[in-house]
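Visitor: I'd like to learn how to read a fold like this one. Could you take me through it, feature by feature?

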Amino acid sequence: MTAKGSRSITDVGTLKALAHPLRMKLYRALCVAEKATASQLADQVDEAVALVSYHLRKLAEHGLIDEAPAQSSDGRERWWQPSSEGVSIRDRDFRDAPEKAAAHLAATRLFHEQRDDMYRRYLDERSTWGPEWNAAAPDSESLLRLNPAELNELREELVALMRKYDERSRSGDAEGRENVAVHVHGFPFRV
């Protein structure tokens with residue numbers, strides 16, 4: 001998370017641009033790398049450079065990513081970076097029309113499917129991470145009784161806590177650090 005702040009997505013066009021499976025993978029990879037070329041990202045997602053370039057331009061058209069300063073002296077490669085530290089997509093911004101609500105639901109499902117895929121990949125590769133990483137990786141469920149205001153307060157505290165650790169990791173020594181995904185879901189349910 002950089003000093004750029006988080007961007008709120010409130011329009012269907014931008015939501016649909018991000019909610020494409022490959023574009024979301026590229027956006028996530030770019031957030032991790034902070035700066036990358038289409039070639040570098042194509043290697044990560046196992047797609048053709050031309051296809052990746054096309055989708056990066058689509059993300060840029062919607063202001064989700066920006067061209068980054070060249071990282072090499074030859075200037076032949078185009079570098080990209082996220083235009084913000086992340087995005088937030090709130091249900092309240094998409095409730096006023098059926099098309100908007102449907103787009104929000106489809107995007108949310110895609111994001112969760114990709115997060116689930118990331119976690120399944122970790123589980124499949126767990127033995128390669130070693131005991132320290134496996135002991136440190138949380139896997140828990142808490143069944144709480146909260147009202148909406150308390151759930152919102154919990155969300156805000158969790159975001160602040162993750163921001164603290166992200167800032168620490170960006171200003172500290174890189175030794176022993178790996179990319180870590182933290183997925184938090186808080187939702188009402190009935191038994």
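Guide: Let's start with a strand pair: β3 and β4 are joined by four bridges and run antiparallel. Strands here are DSSP E runs of at least two residues, and helices are H or I runs of at least four, numbered from the N terminus. Two strands pair if DSSP finds at least two bridges between them. Before we go on, this is a predicted model, where local features need pLDDT of at least 70 and side-chain atom pairs count only at pLDDT 80 or more, while totals for chains, interfaces and linings use all residues. Residues are numbered from 1 along each chain as its sequence is written, and side-chain values use heavy atoms, leaving out hydrogens and water.

Visitor: In what order do the strands of the open sheet come?

Guide: In general, strands of a sheet pair through backbone hydrogen bonds, either parallel or antiparallel. Here three strands line up as β2-β4-β3, with antiparallel pairing. The edges are β2 (36-37) and β3 (65-68), each pairing on one side only. Two bridges link β2 to β4 (residues 79-82). For landmarks, Ala 36 has Trp 80 as its bridge partner in β4, and Ile 65 sits opposite Pro 82.

Visitor: Which way do the β4 residues point?

Guide: Trp 79 and Gln 81 point one way, Trp 80 and Pro 82 the other, and all are buried. Buried means under 20% relative accessible area, exposed over 50%, and partly exposed in between, using a 1.4 Å probe and protein chains only.

Visitor: Which residues have the most contacts inside the largest nonpolar core?

Guide: A nonpolar core is a set of buried Ala, Val, Leu, Ile, Met, Phe, Trp, Tyr and Cys residues joined through side-chain atoms within 4.5 Å. The largest one has 26 residues, and those with the most contacts inside it are Leu 18, Leu 26, Leu 41, Val 52, Leu 56 and Leu 59. Two or more residues each come from α1 (12-18), α2 (21-33), α3 (38-45), α4 (49-61) and α5 (98-125). The top contributor is α2, with six residues.

Visitor: Why does Val 180 count as exposed?

Guide: Val 180 counts as exposed because its relative accessibility is 57%. You'll find Val 180 in the segment after α7 (148-171).
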